[in-house]
Structure formats: structure tokens, C-alpha cells
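Please examine the model shown here and answer some questions about its fold and its chain pairing.

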Amino acid sequence: MVLDGGMGVTTTVDVGASATKPVPLVDEASRDFWEGARQHRLVIQQCEACRHHLYPPAIVCKWCLSEDLAARDVSGRGTLYTFATVNQAFHVGFVDDVPYVVGYVDLEEEPGVQIITNIVGASPDELKIGMPLEVVFDDRDEYSLPQFRPVPA
Amino acid sequence: MSSLAREVAVVGVGYSPIARKGNPDPRRLALAASRSALDDAGLRPADIDGMFHFRFDDDIPVFEIARMLGVPDLASHADMYCSGPSGLTSALAAVQAVASGACETALAIRCLTRASGTTGGLNDDVRPVGGVEQFLWPFGWGAGVLPGMGARMQRRFAEFGDTQEVYGTIAINARRWAADNERAVLRDLITMDDYLASRPVVDPLLLFDCDYPVNGACVSIITTTERAADLRQKPVLVDAMAYATGGAPDAAWAFGDDLLYGSTLPCAERLWSRASVTAADVDVAQLYDGFTHITISWIEALGFCGKGEYRDWVDGGRRIGPGGELPTNTSGGHLAEGRVHGLQFLNEAVMQLRGQCGVRQVPDAEVAVVTNAHGPQAGAMVLRT
């Protein structure tokens with residue numbers, strides 16, 4: 001099929017069931033996060049020295065530069081900091097997903113530490129900055145993805 | 001005295017033709033823009049001993065340009081990849097090289113075609129993604145910085161009470177100026193209704209919030225003020241320059257410490273701490289507009305108004321338009337002149353300070369500010385006559 005890539009650029013690609021979403025290349029710092037997600041646990045680093053949380057995972061604490069970082073299961077609750085609705089696919093793996101929402105979520109354990117994720121389970125016009133959210137997991141072939149949805153009333 | 005070790009001036013500006021259509025060989029674009037800048041300055045290729053290109057992987061290297069021009073030797077040069085402040089990086093590097101004495105006369109270039117980078121394309125790369133991208137791409141982030149731009153706009157709506165129309169003032173302003181710029185690719189005026197009706201790309205980011213990819217090259221030539229005095233044009237002095245990254249930089253401009261402003265705030269603070277003038281002295285502003293949000297960030301960061309005050313300050317667009325108190329992006333910028341990627345803002349500032357802008361000339365312009373990029377890649381210059 002021929003896709004309108006925007007701005008008049010068209011691309012011919014093979015899409016459909018075979019189009020895959022990008023798969024994370026797991027590394028030393030990210031292993032706990034992705035392995036936790038596979039088990040439907042949201043795992044966030046916490047610095048043993050200064051107790052701040054870190055996201056995305058790192059090998060050095062961005063707050064105090066300690067390398068003593070622990071993997072913590074967190075509540076999976078947070079609030080919506082901001083979001084945007086992606087109306088145009090930029091990767092073949094998302095052609096069938098548009099529109100979808102990319103959001104910044106402040107984690108309950110430490111607001112200001114934010115995860116960039118998808119906001120699911122609500123249409124974009126139902127979303128409000130500051131609203132409470134909870135984690136859900138999207139199981140894909142090779143990994144599971146932590147996404148967030150509004151907390152049911 | 002400026003803040004630099006040697007006084008430095010911009011003495012030549014040049015462009016290739018800028019066009020939306022066609023598939024030109026980037027070597028021809030680079031050659032045309034370089035020769036045009038040399039001619040503007042009254043210099044020969046043998047006078048060039050420094051060369052800098054901020055470029056994407058698939059754009060041409062400085063060696064290719066030096067060979068085409070017949071430059072006999074380069075005393076200082078670099079191909080700079082994408083962690084700098086867009087095309088202005090080339091000129092910032094040239095300023096540093098000349099100011100330090102590493103070279104005498106440097107050519108700064110940005111040459112790109114629509115085929116380079118990720119312009120508007122649909123990515124079909126299914127290899128696993130590492131680094132920071134593993135925390136973005138599986139979520140459908142994709143496409144460089146677009147989702148972050150939409151998210152920044154949404155946050156301003158909530159935090160400052162901005163509306164879509166606030167962003168529209170930047171898009172409309174670009175076309176008003178471009179109408180008087182023969183080089184510009186989009187010269188038709190647009191209304192607020194046209195802006196609001198443009199396609200939502202990453203809602204609330206609309207199509208008219210985005211730059212307009214083109215084929216083109218842009219060149220600036222920089223030398224010492226001592227040398228500049230003997231050249232063809234009135235020299236434009238580089239009064240101050242600054243970079244900033246802010247905390248926790250990443251190439252997707254996603255996780256930095258300041259989402260709304262990126263590193264524009266520390267960059268502006270650093271710039272004014274070095275400049276011989278203040279924001280109140282600026283006659284004309286050339287502020288990056290890869291996306292409308294970026295221009296608004298710079299206006300507030302530079303102190304033309306306070307954080308969150310752009311909406312009232314801009315006065316429906318009058319403040320930044322022809323005849324306004326702060327004529328801004330007088331070439332039409334990326335949104336309308338076409339995205340030659342950053343360096344064009346410097347060239348437009350230079351031509352304004354020389355008084356060569358014809359119908360769009362800002363009367364008696366003596367001080368200009370030029371900025372590039374956002375996220376952790378901010379860069380800026382103050383220029384004066």
C-alpha cells in the first residue's frame with residue numbers, strides 16, 4: 001500500500017499483520033525494567049544513597065551521581081503531566097494504531113520523575129492534565145509495555 | 001570589546017536556490033551557496049582556511065565542499081553531528097575557531113535535501129532500539145521530537161492558559177514576512193482559520209506548527225573584524241554567543257529537566273551575561289521555528305516577556321510583525337522561507353543589520369539576536385553593527 005507520510009511524502013510499504021513495533025534492546029541498566037514489565041510489575045530505579053527515583057534507568061544517579069541504584073517495584077499509580085495525540089504513523093508498526101496518545105506521567109512515589117508512555121482506555125478528549133492514572137501492561141510478542149489508563153471512578 | 005578573544009564578524013552570506021520540488025545533488029546546492037557567500041564577501045576560495053558543517057549522516061562532508069571550491073588547505077574544520085544547536089552550530093564553531101586563532105576565515109554551511117534525515121518519512125526499521133530510544137519507540141514516539149512538541153503545547157494550555165490560537169500567531173507571522181522574501185517557498189498569507197484548519201499531526205501540534213522541508217543550502221563566512229574591514233560588505237560583529245544543554249540531556253529532547261523550555265533559559269541567561277547589549281536593545285529577532293513552540297520558548301527565555309506571558313505580549317501578532325516592536329523571523333523562517341535548518345536565521349540577521357532586506361527591511365536595525373533549536377541543543381548569538 002502507499003502511505004501518505006505527510007508533507008506530500010509518500011512511501012510504499014508492506015503493512016498489516018507483519019508490521020512489527022520496535023523492540024527494546026535491553027541493556028544492563030534497563031534489564032530490571034523490561035523483565036519486570038514482562039511480569040506485569042512496574043520497576044523503577046531508586047538511588048540507595050539519596051533515595052531519589054530515576055527514569056529512564058541509568059548506571060549513575062542523576063541527582064547525586066551514586067552508582068548504587070536499586071530496582072524497586074512501585075505502585076503503578078501516577079498523574080497525567082501532559083500528553084499529545086499521534087494522528088499520523090511515523091513507524092510502520094503503528095499504522096493501525098493511530099490515533100493513539102503519548103503522555104508524560106508523574107509517578108506517585110516521586111512527582112517530577114516522569115515516565116513517557118501511552119495513555120489508553122480513554123479517548124483523548126476525556127483526558128485532563130492532573131488526572132489520576134494507573135499502570136496496565138500491553139503484552140507483545142517479545143516484551144510487555146507499561147501503559148497507563150485513567151483510574152476507574 | 002565583545003566576549004571573544006579576537007573580535008569576529010560575519011562578512012559573507014549565501015544561499016543556493018531553495019525549492020520544495022526536485023531531487024538536486026547536494027553537492028550542487030553546497031557549491032552554489034558557498035560561491036554565493038564568497039562573492040557576497042568579496043573573498044576567493046583560497047582565503048578560506050576553516051570549514052564547518054552541522055549535518056545529518058547522509059549530508060555531504062566538508063572535505064567534499066573544500067575539494068569542489070578548490071580550497072588549498074583547511075587549518076580548522078569539522079563535520080558536526082546532531083547534538084548541536086541545528087545549523088547555527090556551524091557558525092558557532094566557525095566563530096570559536098576564528099576567535100581562538102585556529103583559522104582566519106571560516107565557511108559555515110548547512111546543506112540538506114528532503115531526502116536526508118527523517119523528513120516526513122515512514123520508518124520501517126524493525127531492528128531493536130537501544131539507549132534512550134528503547135523508552136520511546138515502543139510507545140510509538142517515533143519521528144524525532146514531534147510527540148514532545150505536541151506534549152509541550154498541551155502543557156502550556158494547562159499551565160499558562162494558552163490556546164491553539166496563541167501558537168497560530170507564530171505561523172501567521174512567518175507568512176506575513178515571507179510574502180516580502182523572494183527566496184521564501186511559502187509566500188501566501190494565511191489566516192487564523194487556515195492555521196486552525198491545518199491537519200493535526202500530533203494534536204495539538206498542527207501541520208502549520210511545523211517547518212517546511214525543502215532542498216537548499218545556506219552559508220555564512222566569518223573572519224576577524226580586522227580582516228573584515230577590507231572586505232566588500234559592512235561587517236556585522238558577533239557580540240556574544242552561547243550554548244546550553246540544561247540538565248539530563250537526551251537526543252530525543254524527551255527526558256530533560258525542563259520540558260517546556262528545554263535549555264533556552266540557561267542559554268539566554270548565558271548569552272545576555274556576555275553581551276554588550278540587553279534584550280531591550282534588540283531591533284530584530286531571528287528565533288528558530290522548527291516548531292512554533294520553539295519560537296515562543298525563545299521569546300520568553302530571552303526576556304522579551306516573562307514566562308507564560310507571550311499570549312498577552314504578542315498582541316495578536318502585531319508585536320512580531322512588520323512595524324511591530326520586535327520584528328521576528330523576517331525571512332519567514334523554517335515555516336515559510338523553508339527549512340534550510342538554522343543557519344538561515346543568522347544570514348537574515350546579517351542582511352537586516354546591513355540594511356539589505358528591501359521591502360521587509362527593519363528601519364535602522366543595529367542589534368539582532370539569533371537562536372537555534374530547543375531541548376538540550378540551544379544555541380544563540382547577538383550581532384551588532
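The questions and answers below concern the model shown.

This is a predicted model in which local features need pLDDT of at least 70, side-chain atom pairs count only at pLDDT 80 or more, and totals for chains, interfaces and linings use all residues. Residues are numbered from 1 along each chain as its sequence is written, chains are lettered from A and ligands numbered from 1 in the order in which they are written, and side-chain values use heavy atoms, with hydrogens and water left out.

User: Is S123(A) buried, partly exposed or exposed?
Analyst: S123(A) sits in the loop between strand 8 (114–118) and strand 9 (132–139) of chain A. Buried means under 20% relative accessible area, exposed over 50%, and partly exposed in between (1.4 Å probe, protein chains only). Because its relative accessible area is 29%, S123(A) is partly exposed.

User: Which residue of chain B stands opposite V86(A)?
Analyst: Two strands pair if DSSP finds at least two bridges between them. Strand 6 (residues 77–86) of chain A and strand 5 (residues 200–203) of chain B run antiparallel and are joined by two bridges. In strand 5 of chain B, the residue opposite V86(A) is V202(B).

User: What is the bridge partner of P200(B) in strand 6 of chain B?
Analyst: Strand 5 of chain B pairs with strand 6 (residues 205–206) of chain B in the antiparallel sense over two bridges. A hairpin through one residue joins these strands. The partner of P200(B) is L206(B).

Definitions and conventions
Helices (H or I, at least four residues) and strands (E, at least two) are DSSP runs, numbered from the N terminus.
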